[in-house]
Amino acid sequence: LQLVESGGGLVQPGGSLRLSCAASGFTLDDYAIGWFRQAPGKEREGVSCISASDGRTYYRDSVKGRFAINRDKGEMTVYLQMNSLKPEDTAVYYCAAAPLWTLRKPVQSGCAEIDFGSWGQGTQVTVSS
């Protein structure tokens, strides 16, 4: 199982970025894919996650209305569209995968980091003027 993130970069406040998580080596339909982030000096937190099977999603409150997660099964890729970016969104963003049958709670209830055992290498997002 392999996950490769891309799409990070430097953007001004109010700008947009689209992160991609390319998956390989497993059947995407059987998994939940989560986006997590870790800012300097802070703990990693769940940003958004999606059931690749039925498309159900979760967003943390601070990104609701600004971020959108979706998956392209044919491309085996999960995207995180980030709009109206704020300096506090600055972090390394990671995608991670969890088999749906191992989740402690439904995807729409949250992204529990402990459930996600396979991780990408991360991509840096910096929001600054």
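These are brief notes on the fold of a predicted protein model.

1. Ground rules. Residues count from 1 along each chain as its sequence is written, and side-chain values use heavy atoms, without hydrogens or water. The model is predicted: local features need pLDDT of at least 70 and side-chain atom pairs 80 or more, while totals for chains, interfaces and linings use all residues.

2. Make-up. The protein chain has zero helices and 11 strands. Helices (H or I, at least four residues) and strands (E, at least two) are DSSP runs, numbered from the N terminus.

3. Overall size. The radius of gyration, taken over C-alpha atoms, is 13 Å for the protein chain. A compact globule of 129 residues would be near 14 Å, so the two agree. The globule rule is 2.2 Å times the number of residues to the power 0.38. The C-alpha atoms fill a box of roughly 40 × 25 × 25 Å along the principal axes.

4. Burial. Of the 129 residues, 44% are buried. Buried means under 20% relative accessible area, with a 1.4 Å probe and protein chains only. In strand β9 (residues 91-99), eight of nine residues are buried.

5. Partners of β9. Strands pair if DSSP finds at least two bridges between them. Strand β4 (residues 31-38) runs antiparallel to β9, with eight bridges; Gly34 has Ala96 as its bridge partner. Strand β11 (residues 123-127) is also antiparallel to β9, with three bridges; here Tyr93 stands opposite Thr123. Strand β10 (residues 118-119) pairs with β9 in the antiparallel sense over two bridges, and Ala97 has Ser118 as its bridge partner.

Note on methods
Buried means under 20% relative accessible area, exposed over 50%, partly exposed in between (1.4 Å probe, protein chains only).
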